[in-house]
Amino acid sequence: IEARKQALAQSAATPAAAPAQAAAAQRPPAADPNVALAQKQRDLVAAEKARADAEAAYFAANKKLHDVRQQIADARAAGEKRDTLIRQRDVAQKNHDQIVNQYELKKKLAEQKAYPAIPSLANVTVDDKGDPRPMYTLIACGSIAGLCVCLGLLSSAGTGAGADDSEMSRMYAGDSYAADSGDAYALTDEAHDEPTPVEV
């Protein structure tokens with residue numbers, strides 16, 4: 001109250017300083033320092049809590065940003081891989097279409113060709129002519145036997161002709177010549193003057 005009275009007195013004395021004095025009069029009286037310190041401590045705790053919350057939100061947002069960037073990179077790589085696969089699919093599709101066209105063309109050409117009828121069991125007949133090997137064996141044996149007989153006859157005929165020649169030579173020689181194998185006779189050769197010894 002006293003302070004208010006003094007303020008009013010001074011404001012009346014100095015009208016220019018009235019607003020400043022009025023503001024000073026409106027301020028509350030000085031508070032207890034302990035109360036102010038406790039209030040400041042509470043404010044500090046609240047500020048630190050707000051700071052921790054802000055840091056947690058920052059780290060969460062940073063992690064989310066990193067995840068988003070990783071997703072963007074994965075999406076870009078997946079898009080490039082998709083484009084590569086699409087190109088490969090287009091090439092494979094073209095090759096497939098070409099093979100299908102070739103198959104259809106060959107199928108049409110095959111339908112135009114004539115094929116023989118499929119044989120059945122009724123069309124199958126047995127043509128059994130026998131084994132000709134025994135006949136060939138008999139023919140060969142008969143040929144060999146005939147050849148041997150012919151050679152034997154020819155050899156015996158040659159031996160008989162030699163005996164007949166020797167008999168005829170003895171007949172032409174006459175009775176004056178004796179058939180002695182140890183005697184030697186001299187025959188006169190017309191080409192040579194001297195006799196030639198001949199063993200009979």
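**Surface, helices and contacts of a predicted chain**

The chain has an accessible surface of about 18400 Å², and 61% of this belongs to carbon and sulfur atoms; areas come from the Shrake-Rupley method with a 1.4 Å probe, and for residues only the protein chains shown count as cover. The model is predicted: local features need pLDDT of at least 70, side-chain atom pairs count only at pLDDT 80 or more, and totals for chains, interfaces and linings use all residues. Residues are numbered from 1 along each chain as its sequence is written, and side-chain values use heavy atoms, with hydrogens and water left out.

Visitor: What pattern does the chain follow along the sequence?
Guide: Helices (H or I, at least four residues) and strands (E, at least two) are DSSP runs, numbered from the N terminus. The chain has 4 helices and 2 strands. Read along the sequence, the pattern is α-α-α-α-β-β.

Visitor: What percentage of the residues count as buried?
Guide: Buried means under 20% relative accessible area, exposed over 50%, and partly exposed in between (1.4 Å probe, protein chains only). Of the 200 residues of the chain, the buried ones make up 1%.

Visitor: Which residue forms a salt bridge with lysine 49?
Guide: A salt bridge is a side-chain nitrogen of Lys or Arg within 4 Å of a carboxyl oxygen of Asp or Glu. At 3.3 Å, N to O, the partner is aspartate 53.

Visitor: How far apart are the closest N and O atoms of aspartate 83 and arginine 82?
Guide: Aspartate 83 is partly exposed at 37% relative accessibility, while arginine 82 is exposed at 52%. Their side chains form a salt bridge, with the closest N and O atoms apart by 3.9 Å.

Visitor: What is the angle between the planes of tyrosine 58 and phenylalanine 59?
Guide: Rings of Phe, Tyr and Trp (its six-membered ring) pair if their centres lie within 6.5 Å; planes under 30 degrees apart count as stacked, over 60 as edge-to-face and the rest as tilted. The structure holds 1 aromatic pair. Tyrosine 58 and phenylalanine 59 form this tilted pair, 5.6 Å centre to centre, with an angle between the planes of 55 degrees.

Visitor: How many disulfides are there?
Guide: A disulfide is a pair of cysteine sulfur atoms within 2.5 Å. By this rule the count is 0.
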